[in-house]
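Thanks for coming, everyone. Please have the sequence and the model open while I talk.

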Amino acid sequence: MPPLRNLDAQGAHFAGRTPFFASRHDQRLSYALYVPKEHGAQADPLPLVVIQHGTGRSAELYRDRWTQFAIDNRCVILTPLFPAGLVEPGELHSFKFLEYKGTRFDEELLHIVEEVGERWNTETERFLLHGFSGGGQFAHRFAYAHPRRLAAVSIGAPGRITQLDDSLPWWLGTGGFEERFGVRIDKAALREIPMQMVVGADDIETWEINNVGGPNWMDGVEKTGRTRIERLNVLRENFEAQGINVRFDLVPGVGHKGTGVVPAVQAFMADVLSRRP
């Protein structure tokens, strides 16, 4: 890789808003970054903020919306891209549930994080994670599998939730989680993560999340509420009953729009970053 400060025609693309790079571990997957232009290989590693897209795969849009945040808060923004139809033509939802037909999306994200740490001098032991909608589904399930890799997690408006409840089958709950993913959920570690749940106060459309018989439907979803607001409140209550503290942000005037909750998420993450040792 060219030096981070190299401003020639090749090196310039490794700072600021980068292109999408194929993951070295699985080249079907890719990622883009915003890297503060003055950051160099010899500097102290910068914190890493991962913004996970939803069904629409708006990774580039999110990267650009977080550029000024990276400059103001001295961090690197990483936006992974898990393409639709990765395993089957037209398939949309697989990454949200961590695993699909042998692809472990949670582990693939960790491979990308390690690669970014090596190439762009970022902190990798722990990073901050936000996802909205399908990304919010991924974010809270990722936290179950890898709580000690997270410096903070922001769960945005998931249409389908997984409660910490072993009496419910995966993915309504965590029944069989250890057998499926090879790790036991560490609730003590979850209690240590600064955690936000965020949803727009006008996020009340239900056509996409009450799709009985759809490829991402399980009977029992309807018991968690009709709207994303109701379902996120159920998840909050589930967490709080087990001693997991949650900052809950209901954003006025915002429907189901990921960019609409960005200011609330950035306020949360700026606070987390300001308290770093």
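Where is P45 found? P45 sits in the loop between β3 (30-35) and β4. Before I go on, the ground rules. This is a predicted model, so local features need pLDDT of at least 70, side-chain atom pairs count only at pLDDT 80 or more, and totals for chains, interfaces and linings use all residues. Numbering starts from 1 along each chain as its sequence is written, and side-chain values use heavy atoms, with hydrogens and water left out. Helices (H or I, at least four residues) and strands (E, at least two) are DSSP runs, numbered from the N terminus.

Back to P45. At 40% relative accessibility, P45 counts as partly exposed. The cut-offs: buried is under 20% relative accessible area, exposed is over 50%, partly exposed is in between, with a 1.4 Å probe and protein chains only. Which residues does P45 touch, leaving aside its neighbours within four places in sequence? N121, T122 and E123. Contact here means heavy atoms within 4.5 Å. Take E123: P45 and E123 are 78 residues apart in sequence, yet 5.5 Å apart in space, C-alpha to C-alpha.

Now the whole chain. The protein has eight helices and eleven strands. Its C-alpha trace spans about 55 × 40 × 35 Å along the principal axes. For 277 residues, a compact globule would have a radius of gyration near 19 Å; the protein has 18 Å, which agrees. That radius is taken over C-alpha atoms, and the globule rule is 2.2 Å times the number of residues to the power 0.38. Of the 277 residues, 57% count as buried. Among contacts with a separation of 6 or more, 69% are between residues 24 or more positions apart.

Next, helix α4, residues 134-145. How many of its residues are buried? Twelve of twelve, so α4 is mostly covered. Among them are F138, H140, R141 and Y144. At 1.5 Å a residue, the twelve residues of α4 should span 16 Å, and the end C-alpha atoms are 17 Å apart, which agrees. The expected span is 1.5 Å times one less than the number of residues.

What does α4 pack against? Two packed helices are described by the angle between their axes and the distance between the axes. Helix α3 (residues 105-120) and α4 pack at about 85°, with axes 10 Å apart. Axes are lines fitted to C-alpha atoms, for helices over the stretch in contact, and angles run from 0 to 180 degrees between N-to-C directions. The two helices are therefore roughly perpendicular, a label that covers 65 to 115 degrees; under 35 is roughly parallel, over 145 roughly antiparallel, and the rest oblique. On the α3 side, F105, D106, L109 and L110 meet F138, F142 and A145 of α4. By class, that contact has six nonpolar, no polar and one charged residues. Ala, Val, Leu, Ile, Met, Phe, Trp, Tyr, Cys and Pro count as nonpolar; Asp, Glu, Lys and Arg as charged; the others, Gly among them, as polar.

R57 is not a glycine, but has a positive phi of about 55°. R57 lies in the loop between β4 (48-52) and α1 (59-65). Buried or exposed? R57 is buried, at 14% relative accessible area. K101, also not a glycine, has a positive phi of about 50°. K101 is in the loop between β6 (99-100) and β7 (103-104), and is exposed at 57%. Finally, the peptide bond from W170 to W171 is cis, with omega near 10°. W171 is in the loop between β9 (150-156) and α5 (177-181).
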